[in-house]
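Good morning. Please look at the structure first.

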Amino acid sequence: MHETFEQLRQREFSRLDRLGHVYLDYTGAGLYAESQVQANADLLCNSVFGNPHSRNPTSLAATQLCEDARSRVLAYFNADPELYEVVFTLNASGALKLVGEAYPWEPGGRFLLTADNHNSVNGLREFATAHGAEVGYVPLGPDLRLHDVRAHLAGAERGKHNLFAFPAQSNFSGVKHPLELVRLAHDQGYHVVLDAAAFVPTNPLDLSRVAPDFVCVSFYKMFGFPTGVGVLLARRNALGELHRPWFAGGTVRFVSAQNRVHLQHVTGRAFEDGTLNYLGIAAVSTGLDFLERIGIGRINAHVMELTRDLLDRLASLTHSDGAPMVRFYGPSDMTDRGGTIAFNLLDPAGEPIDFRAVEQRANEATLSLRTGFFCNPGAAECAFEYRDEDAFRCIKTLTPETFNIQLFSDCMSDHPVGAVRVSVGIASNRADLDRLMEVLGSFRDQGVEFGYGAALPALATVD
């Protein structure tokens, strides 16, 4: 019989209640289980590992750890080792950068991405533009779902290199975008990058059924520990089309300084820079084992149950006169969504309450949530209904040295410049939701003193 999630919390995450913490930022980072840390400590304290770039006993032991982790990652995502390679990176952003810097962009080629994307995906457009490729965005509708994807994919020049990028789950709104887009994009002549960082902590991803060319993942988002290790899962045929603009230790078989030649690795190791984080990689298999023991299906059901409860509670939150207190960004129901909810509190007149006031009160209650743009400007601009010309004017009036959220807010007048994001996860329970509702409910019948332009804590960036 499976232990309940409350029993799991008491066994693996007891520090939350012992220290009085409410953690509702699972989209930012997962929480590690105590058994993961203990297993890693036991391994390190009872073994000797050296730099894997050698063949001495400690190096071979570290190499074996890394190779076991590669096999474990492939098995977890049901990725055929004949078709997929595992490239260890610092995080999902590092995996995306590997693709961006090595993809064979060219004039006549196209980089198409969805407006709902993390900044690490948006950043790939700099590589594309620098090499003369066209850059385009698939827009979002008012529900923050994708509109007219097929029409935007159409027209790519076959024979050129075209790349399409989208997230399996939005880190802003929790929207799950259809994985069928992978096949659709392939049919239209694109390679596909799937950002799975926000999706895989609570959902299965079977790469025998969905076959993107590149998948990026951060393990700390899946199970909290280790940090500093991510992965690029790449189809071998797509990986073979990438051309790295440099080389470093570990990426090559041989280098000649005299003759200025080098021989790269012919596997995914050609994309791993320098010495791997081999002691961190040692903890990856333990984390995957932890998720599998619980069952990703059970985790998903637990998260969805709490998300449904939280959506209902937020929707019923009102001022004394019956005016709603919450404006959702993205779906307010459970259709094709994950456990991430973005919203703003409203005052009795229906005006947004500054997210910084909510964050401040949550901090005082030892409640961790997230505020701002969530590194997803496209979804934020759509959610807050920015007009292109207004945002462009405000951005151009500020410099990196002078930019702060208050000046941007003043320039954007009555538009919100950030939201509140809460996300539930494996250790969440209804007591956490109760504490959140207490904090949010404390704003009932309050408003003008917490509007944009009020004296509130300064934040330097839109994150």
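Lys160 is partly exposed, since its relative accessible area is 29%. Here buried means under 20% relative accessible area, exposed means over 50%, and partly exposed is in between, with a 1.4 Å probe and protein chains only. Lys160 makes a salt bridge with Glu106, and their closest N and O atoms are 3.9 Å apart. A salt bridge is counted when a side-chain nitrogen of Lys or Arg lies within 4 Å of a carboxyl oxygen of Asp or Glu. Lys160 sits in the loop between helix 8 (149-153) and strand 5 (162-167), and Glu106 in the loop between helix 5 (92-102) and strand 3 (110-114), so the pair ties together parts that are 54 residues apart in sequence. Helices (H or I, at least four residues) and strands (E, at least two) are DSSP runs numbered from the N terminus.

A word on where this comes from. This is a predicted model, in which local features need pLDDT of at least 70 and side-chain atom pairs count only at pLDDT 80 or more, while totals for chains, interfaces and linings use all residues. Residues are numbered from 1 along each chain as its sequence is written, and side-chain values use heavy atoms, with hydrogens and water left out.

Why do such pairs form at all? Side chains of opposite charge can pair when their charged atoms come close. How many salt bridges does the rule give? The count is 23.

Next, Arg72 and Glu292 meet through their side chains in a salt bridge, at 2.7 Å from N to O. Arg72 belongs to helix 4 (residues 57-76) and Glu292 to helix 13, so this pair links distant parts of the chain, 220 residues apart. Is Arg72 buried or exposed? Arg72 counts as buried, at 17% relative accessibility, whereas Glu292 is partly exposed at 44%.

Another pair is Arg11 with Glu3, where the closest N and O atoms are 2.4 Å apart. Arg11 is partly exposed at 43%, and Glu3 is partly exposed at 27%. There is also a network of salt bridges that links Glu305, Asp309, Arg313, Arg430 and Asp434.

Back to helix 13, for its contact with helix 3. Ser35, Gln36 and Ala39 of helix 3 meet Thr286, Gly287, Phe290 and Arg293 of helix 13, where contact means heavy atoms within 4.5 Å.

That is the list; questions are welcome.
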